[in-house]
Amino acid sequence: MRKIGYYVILVIFLMIIIPVIILGGVDNGIKIPGIINRFSSYIESLPQQTQYTQESGGPKIKVYVEDQKKIVEMYMEEYLKGVVAAEMPVSFNEEALKAQAVAARTFAYSHMIVNNGTGCTKHPGADVCSGVHCQAWMSKEERFKNWNPDDAKANWDKITKAVDDTKDIVLAYKGELAKSILFHSTSGGKTENCVNVFGYQVPYLISVDSPNEEEAPSFQTKVVMKREEFINRIKQLNSKTKISNTNLSSQVKIIEYTEGGRVKTLKAGDKTFSGVDIRWAMGLNSANFSISIDSKNITFNVKGYGHGVGMSQWGANEMGKRGKKYDEILKHYYTGIEIININDILKNKN
Ligand SMILES: [Zn+2]
């Protein structure tokens with residue numbers, strides 16, 4: 001190995017340094033910088049190529065680990081095991097786990113700064129963080145603590161298999177890595193158009209049916225609060241709202257629903273609010289809710305859990321249980337998506 005190192009140094013010396021010395025530097029108009037540029041870009045490309053062929057699993061990704069409060073570098077495929085372990089119950093169908101691995105891998109590659117991704121916008125220098133801001137991740141050790149020791153090894157093997165069986169597989173749209181892969185826990189029956197939640201349109205993030213989710217723990221939930229508390233929270237959203245406790249039910253009205261069946265706009269007093277703002281202000285699992293008001297309380301009946309955009313994890317599990325493969329699950333939730341090998345995308349870019 002050491003010998004090869006010497007040869008590399010010798011070649012660099014012969015190819016760059018000697019011509020520079022002979023020609024009197026790089027500023028004399030002769031195309032030496034071109035040679036240097038080509039050569040340095042070749043050197044730059046080396047570590048990446050080496051990483052992609054490594055058995056240990058892809059390039060290194062910089063993960064800001066929330067509970068350690070620092071950036072930790074880890075191999076992509078190892079990182080993904082921690083994402084699948086944190087994002088889905090291990091009891092889920094293996095095709096759902098594979099679909100999760102592919103969605104998480106796509107999210108990770110598209111965020112990597114070396115692939116022209118933005119990285120994690122909350123933690124400068126990191127590609128992704130381990131919190132809900134990016135996608136959940138937990139270490140093998142942490143995960144094992146929450147599992148029955150008798151099952152822990154088999155559980156981890158199941159997750160490892162889902163990641164290994166989909167190694168390097170990502171989602172693409174029109175030949176490009178899909179940059180906006182979102183997923184959520186439970187849709188409540190129908191997923192949501194991205195534009196209704198995040199304000200921007202993504203062609204593969206449009207509303208689709210997501211049946212058979214009734215078994216999900218958050219399929220239906222209820223939030224009850226005092227009428228006064230509701231009014232307080234509305235005023236926290238907009239302090240200028242004119243709303244009174246007398247005849248409250250005549251002052252609160254859902255105005256419009258989205259294509260995905262969630263509340264788009266709601267009128268409270270003399271102001272209009274988005275369903276998403278109401279969701280956060282009232283602490284609801286989703287923006288898919290109905291309202292009833294009695295003499296003391298206001299009750300929200302809520303369907304689903306999460307923003308509702310992209311793949312529903314509980315819906316994916318149901319599809320897997322009914323014999324659908326991971327690629328069918330992904331194509332169902334991400335309209336018009338292609339399933340592709342990451343190396344094919346990165347090769348075309350270079
Ligand atoms: Zn983040």
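**Strands, cores and a helix crossing**

Trainee: How many bridges pair E11 with strand E12 (residues 297–303), and in what sense?

Mentor: Five bridges pair E11 with E12, in the antiparallel sense. Two strands count as paired if DSSP finds at least two bridges between them. The names are DSSP runs numbered from the N terminus: helices (H or I) have at least four residues, strands (E) at least two.

Trainee: Before we go on, what kind of model is this?

Mentor: It is a predicted model, where local features need pLDDT of at least 70, side-chain atom pairs count only at pLDDT 80 or more, and totals for chains, interfaces and linings use all residues. Residues are numbered from 1 along each chain as its sequence is written, and side-chain values use heavy atoms, with hydrogens and water left out.

Trainee: Back to the sheet. What is the strand order?

Mentor: The order is E7-E12-E11, in an open sheet of three strands with antiparallel pairing. Strand E7 (220–226) and strand E11 (289–293) are the edge strands, each pairing on one side only. From one strand to the next, the twist averages 20°.

Trainee: Which helix lies across E7, E11 and E12?

Mentor: Helix H8 (residues 227–237) does, running at about 95° to E7. Contact means heavy atoms within 4.5 Å. Axes are lines fitted to C-alpha atoms, for helices over the stretch in contact, and angles run from 0 to 180 degrees between N-to-C directions.

Trainee: New topic. Which residues of the largest nonpolar core touch the most other members?

Mentor: Ile61, Tyr79, Ile181, Met311 and Tyr334 do, in a core of 67 residues. Helix H4 (residues 94–111) gives the most to this core, with 10 residues. A nonpolar core is a set of buried Ala, Val, Leu, Ile, Met, Phe, Trp, Tyr and Cys residues joined through side-chain atoms within 4.5 Å. Buried means under 20% relative accessible area, exposed over 50%, and partly exposed in between (1.4 Å probe, protein chains only).

Trainee: What does isoleucine 181 touch?

Mentor: Not counting residues up to four places away in sequence, isoleucine 181 touches Ala103, Thr106, Phe107, Leu171, Tyr204, Tyr334 and Ile337. Another core lies apart from the largest one; this core has 21 residues, among them Ile234 and Met282.

Trainee: And H3 with H6, at what angle do they pack?

Mentor: Helix H3 (residues 76–87) and helix H6 (residues 149–164) pack at about 125°, with their axes 9 Å apart. The contact includes Leu80 and Val84 of H3 and Trp156 and Ile159 of H6.

Trainee: What is that orientation called?

Mentor: H3 and H6 are oblique to each other. Under 35 degrees counts as roughly parallel, over 145 as roughly antiparallel, 65 to 115 as roughly perpendicular, and the rest as oblique.

Trainee: Last one. Where does lysine 174 lie?

Mentor: Lysine 174 is in the loop between strand E4 (169–173) and strand E5 (176–177). E4 and E5 form a hairpin with two residues between them.

Trainee: What is phi there, and is the residue buried or exposed?

Mentor: Phi of lysine 174 is near 50°, a positive value in a residue other than glycine. Most residues other than glycine have a negative phi. Lysine 174 counts as exposed because its relative accessibility is 68%.

Trainee: How many residues of E4 are buried?

Mentor: Four of its five. E4 also joins strand E14 (residues 338–341) through four bridges, running antiparallel, and leucine 171 stands opposite isoleucine 339 in E14.
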